[in-house]
Amino acid sequence: MLNLIKIKDKKKEQAASAGGRAPVKKQSAGELRLHKDISELNLPKSTSISFPNGKDDLMNFEIIVRPDEGYYLGGTFVFTFQVSPSYPHEPPKVKCKTKVYHPNIDLEGNVCLNILREDWKPVLNINTVIYGLNLLFTQPNDEDPLNHEAAAVLRDNPKLFEANVKRAMAGGLGSVRAVGLSQAPQMQSL
Amino acid sequence: MASPDEESPAPTEPERWRDLDMLLSRPGNLVDANFDPSPGLRDTLGSLVEVLVVGAGGLGCELLKDLALSGFKNLHVIDMDTIDVSNLNRQFLFRVQDVGKSKAEVAAERVMERVSGVNIVPHFCRIEDKEIDFYSQFSIIVLGLDSIEARSYINSVACGFLEYDSDDKPIPETLKPMVDGGTEGFKGHARVIVPGSTPCFECNIWLFPPQVKFPLCTLAETPRTAAHCIEYAHLIKWNEVHPGKHFDADDAEHMQWIYSEALKRAELFGISGVTYSFTQGVVKNIIPAIASTNAIVSAACALEALKLISGCSKTVSNYLTYNGLDGTHINVSEFVRDKDCLVCGPGTLIELDTSSTLSEFIKMLEEHPKLLMSRASVTHEGENLYMQSPEVLEQMTRPNLGVPMFELLKGAARATVHVTGMAENNGKKVSSLRKLRVAFKGVEKNSKMDTTESF
Amino acid sequence: MAAAAAAFAEPKTKYDRQLRIWGDQGQAALEKADICLLTCGPTGTEAMKNLVLGGVGSVTIVDGCLGQSRAKSVCSFLQELNDAVNAKFVEESPLALIDTNPPFFSQFTVVIATQLPERSLLKLDSICREANIVLVAARSYGLTGLVRISVKEHTVIESKPDHFLDDLRLHNPWTELKQFAKSTDISDKDPVVHKHIPYIIILVRLAEKWADAHDGHLPSTRQEKKEFKDLIREHMLNLDEENYKEAVESSYKVSVTPGISDDIRQIIDDSSTEVSSSSSDFWVLVAALKEFIANEVNGELPLEGTIPDMTSLTEYYVSLQKIYQAKAESDCLALEHHVKKILKRIDRDPDSISRAYIKAFCKNARKLRVCRYRSIEEEFGSPLLSEVQKYFTDEDYCFAMNFYVLLRAVDRLAANYNRFPGIFDSEIDEDVPRLKTAAVSVMSEMGLNGASLSEDLITEMCRFGGAEIHPVAAFIGGVASQEVIKLVTKQFVPLPGIFIFNGIDQKSQVLVL
C-alpha cells in the first residue's frame, strides 16, 4: 500500500490548493434502512404518524393510534419511537405517551409486545411494529400482562374491564389510578 | 517491550529495529506484489503513514504499543472514555493514579515515553464529534472497540471515502483500509477490511447477533432468574419510583438501589443468585475481559496493519477468530462482499444534466435498465429530498420535485444518493433500497466553489 | 479526588472483568502461583505482562543479556504494572542456569521458557518433569513461532465448555421428578397456566405416555422422534405457546443415550483409578465416581443440579430447581461416602478432601478432562509418525508441519554455525541450502523420508534471520500467558499439543506429535 500512500500524499498537496470537497454528514446503514421502512409505510386507517423534528429526522417519530373497534374505540394513544443507528440490528424503542388502562401497557408507558424485545428480528420493520401496536388495542392480551390487575379484570370480568377502560379514557390519569391499579404485581395463584 | 528506567537505558535505536528491518529490507516469495524491500522502508513507513487507532481501552492500549513497535511513527488515538479501576487488569498503560483521566491522553503519553521517535496525538472525544475530514488524513484505521454502533460508524466513514471508476472498479487512491479487533473472555476476532475488495462491516453484520432481551411481561409476572429480577428493577421499577429521573449506570447510588430492589424481588419469589456484581453485569451488559486475549487479538491486528501497509507478507483473508476455551483454536474464514452493500458497494452510476429536476430524476429511475425502479423516495446525506409516503412527509418534500438535482445536491459534481422504491429483481417487482452515484455532465470535480457562487 | 479514592481500590474492583471468567477460586490460584520466566526479550516480556496484570503471586525473571541488565529493567517495568505482584530477577544466562543449577526450578509453579534453543529446552524439560513443574515453552521467529506445554498430567474439573447439553435426565427421571410432573395438570384449562408449564414437566409426562404406548421404549428413530414432536404439538392450545415450542425444540433431550459418555468412560477406565496413598485428590474422586456408577441402577453420573431458564410460572420453576438441587445434593453425599471409604482404604484421613471440592467435582462430572503431554524428548525421539504423515499431506496442516520442521532445523544450524540462518545479508543465499539440509535431516530422524518441504518457506525462514518481530512476539507471548492461566487456575482446557503460529496468512494450527 505504500506506493498508493505516496501517490495520495502528492494528491493531497494538489488538492489542498484546489480546495477539495470533503464528504459531509454520514448516513448510517440504520438510517438508510429506516428511510426505506418509512417510505414504504402502509398505515392502517386508525393510525397516523408525525415527525416532531421535521422531515430530515426520521429516527424520532410519533405514532397516533385511534382504535376503530373494541374496548378502546374512541381513544387516542400516542407512542414515541426512538430508532438507534444500529437499526434494524436493534429494535426501535417504543413508549406509550398516553396514560392507559391496559393489560400490556404499564403506567410508565412500557409496552409488552414480543417483537419489541425477545422476538425482534432484523427482517421485521416499522410497519410490523405499528401493526402490533394496533393489535394491542383490538385484542388486549390477559395472558402476558404488564398491568397485572387490568389483566385479571379483563379475564374475570370483561364487562367491568370495559367500564374501567371507558372511565380511564374519559378522565385521563386520575381515573386510571382510580380504577384501582395496584403497583405491585401479585404472584399468580395456581 | 523492553523497558527503560532511570538506571538502565533503552536499547539503542538501531538495535531495537534490527529485527524488523530484516523483514522489511529483504525480498521474499510469500509477499505482496507491491512489496518494495529496502533498508529505508521502515523510515518511509514511519514518515509517510498516519495511523488512527479507535479506542484506547483493552485493545487500544495494546494496539498503540504494538504499532509503535512495528515501525509506525505517526499515530492518533481517539477515545471518549476516562480510566476506571476495573480497566487496570488489562489496560496496561494505566496506573491507579490515572483513574479519572482521559484514556487517549494517558495512553498516548505512556507509549511516547517508552518508544522514542513515536508521535501519538490523542483525541479525548466521541468519534462522531470529529469532522469527516479528520478521518481522511489516515492511511489506515485500526479499531479496538466494543460496540457495534461505533464500528458501524467508522466503517461508514472509511467506506465513504471510497470512489469507483466508470467500470465500477474501486479507485486505489481512495481506499481506506481498516483492521478490526474484538474480544470477549477467551474469545476474539481480527479482520481486515479493504473497502471495495473485502467485505465491509455492514456486508456481514449478521456475524454479530442482536443481544438477547427478556420479555417485559416475564419480568413483571413470571420472573425465574436473578437476571429477571435485576432487569425488573432496572427497566420497570426505576421509572415507577423515580418518574422522570434518568438512570445512570455509573452512579453507585443508582446501582445500589437497583441491587436492593432486585434482591427484594428475588426473595419475594424464592429466586437465588442476585449479587451486586451480577447486578452490575446485567445492567451495564459487562463483557468479561482479560489481558491475554486482548494481547493476542491486538497483536494479530497490528501484524495485519504492518503487512497490509508494507506488503512484507500476505494478509489474512479476511476474518480470523480465536477461541482459547478448549485449546487454542484459530480459524480463518473468507467472507464475501455483499455486492449490493449500501455502504461499500459501487451503486449505480447515473449521469444527469445540471438542469434535471428531482421529478425528472425519479422518472429516469423508472426507465434505467439496471434499476427499473418505480415510486422512488430519495435521500442524500441525511436529507430527505422526496418521500413517496407517508402523506405528511410527501407533503413536506413535494416542493423539491421541481428543483434541479444539481441544486438539491448543493452543486457537487458527484454525489451519493440513496433511493427506495419498487425495483425489478428476477422479473418481479420487489421493494428495494439502492445506492446511486450521481454525476453531473460537464461539471468538473473540484468546481464546487464556482458553481455554488452562481446560485 | 477520583484518583485518591482509587488508590485504595479493592482488588475485587480491579480484577472485576476477569473474576467474571475464573471466579474467586481461579484468582486465588493465580495469586498463589510463582512464575519463572527464562529470557526476557519481547516474547517473554509480553507473556509476563499479561500475567502480572492478572495478579499472579510472584514472578522471577532470568536473563543474562550482557551490557545493560535486561532482567532488572524488565522486572521494574513489570512491578510498575501491578504492585500486588512480587517481582524478582536473576541476572544469569538461562542456559547456564539449566546446566548448573537444576534444583533452582523446583520452587516454581510454572516455568515459561522463551527463545530457548532445542538442546537447553530438552534438558529443562527433564528437570521440570522430574520436579512436576509445568513447563510452557514459547518461541517467536520471524513471522512464525510456537507455544508448547510439557507436564506429565494436568487434570481439569472446571473445563467450562462453551456448549454442553443440559443435565435434565428426561430420558431417565428419578422418582421425585416423576412425582412432581405427575402432580401437575398439563391440560390445565386456565390458558395462563397452560402456557406456563415448564417444558421439563411436559416432556417427562409425554415421554412416559409415549413409553406406555411403545413397550417402555423412548423415541429413538428419526420417524419416532418426529412422531414424538407431533404428540407434543397435539397438546398445544394454540400455536404461540412458548413453553410448548420449547418442548418441541428440546424433545431430543428425551432421546439422549443413557449412561456416561465415551470421554468419561475413558477417564474412569484409566489405570490411575487404582489409587494409592500417593494418588492425587482428582484420581481418588474418579475412583469414587467409578464406584458410584457401579452402584447406581442406571449407571448415571451424579446430577449436575441446575436447569436452564425456560418459560414457566415462577412457582413451577422454583420447585423444579429445588428438585434438581436436592437430587444433586443426595448424589454428592453418595459420592462423598465412596470417597471416605477409599481414603480410609489407602490410609488417608477420610476428611482430607473438602466437601466443596467434592461438590465441584460432582457438578462437573460430565466435563472432566485429563491432559497428558509426551516429553519433548519423546516427541523428538519418536514422534507419532502417523500424525506427522497426516499433517504433511493435509492442506490445512501442511504449512504448520513445515514450520515445525524448520523451527527445529534453524536450531540445528545455529548449534553448528553459532548463528541463525540468514542473519547476515551476505550469507542468505548460502544459508538456504544449508537450512534445507538440516531440515531434511530433522525429517529423516522423524521417520519421514519421502515428504518434501516448501521451498518458499525455507527461503522465508532464512529471510526471517531469527528476528523477533514485535507483534509476533506479542501474539506468541499472549498465547503462552493464556495457557499459563488455564494451567494455574485449573479451569478451561489447555493446548493439546504444539501451537504453530503462521504469521503469513494467520492460519495457525495445533500439532499433536
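Helices, of at least four residues, and strands, of at least two, are DSSP runs numbered from the N terminus.

Chain B is divided by its domain assignment into domain 1 (35–209 + 289–333), domain 2 (216–284) and domain 3 (348–440). Between the C-alpha centres of domain 1 and domain 3 of chain B the distance is 36 Å. An unreviewed UniProt entry also places the annotation "domain: E2 binding" on residues 350–441 of chain B; over residues 350–441 of chain B, 23% of the chain is helix and 42% is strand, with the end C-alpha atoms 10 Å apart.

Chains B and C meet through 64 residues of chain B, which are in contact with 72 residues of chain C. On the side of chain B that touches chain C, helix H1 (13–25), helix H11 (291–310) and strand E8 (329–333) of chain B each contribute at least two residues, and the largest share, ten residues, is that of H11(B). Sorted by class, the side of chain B that touches chain C consists of 35 nonpolar, 21 polar and eight charged residues.

How far can these coordinates be trusted? The model as a whole scores ipTM 0.95 and pTM 0.92. In chain C the mean pLDDT is 94, and 98% of the residues reach 70 or more, although pLDDT stays under 50 over residues 1–8 of chain C, for which the model has nine contacts beyond four places in sequence. Chain A has a mean pLDDT of 84, with 81% of its residues at 70 or more; within chain A, confidence is highest in strand E3 (residues 77–82), at a mean of 97, and lowest in helix H6 (residues 173–178), at 51. Two stretches of chain A call for particular care: pLDDT stays under 50 over residues 16–22 of chain A, which have ten contacts beyond four places in sequence, and also over residues 180–190 of chain A, which have 17 such contacts. Where pLDDT is low, the predicted coordinates should not be read in detail.

Notes
Residues are numbered from 1 along each chain as its sequence is written. Chains are lettered from A and ligands numbered from 1 in the order in which they are written. This is a predicted model: local features need pLDDT of at least 70, side-chain atom pairs count only at pLDDT 80 or more; totals for chains, interfaces and linings use all residues. Two residues are in contact if their C-beta atoms, placed from the backbone, lie within 7 Å. Ala, Val, Leu, Ile, Met, Phe, Trp, Tyr, Cys and Pro count as nonpolar, Asp, Glu, Lys and Arg as charged, and the others, Gly among them, as polar. Domain bounds come from an automatic or database domain assignment. pLDDT is the predictor's confidence in each residue, from 0 to 100. UniProt positions are given in the numbering used here, feature names are shortened, and annotations may be inferred rather than shown by experiment.
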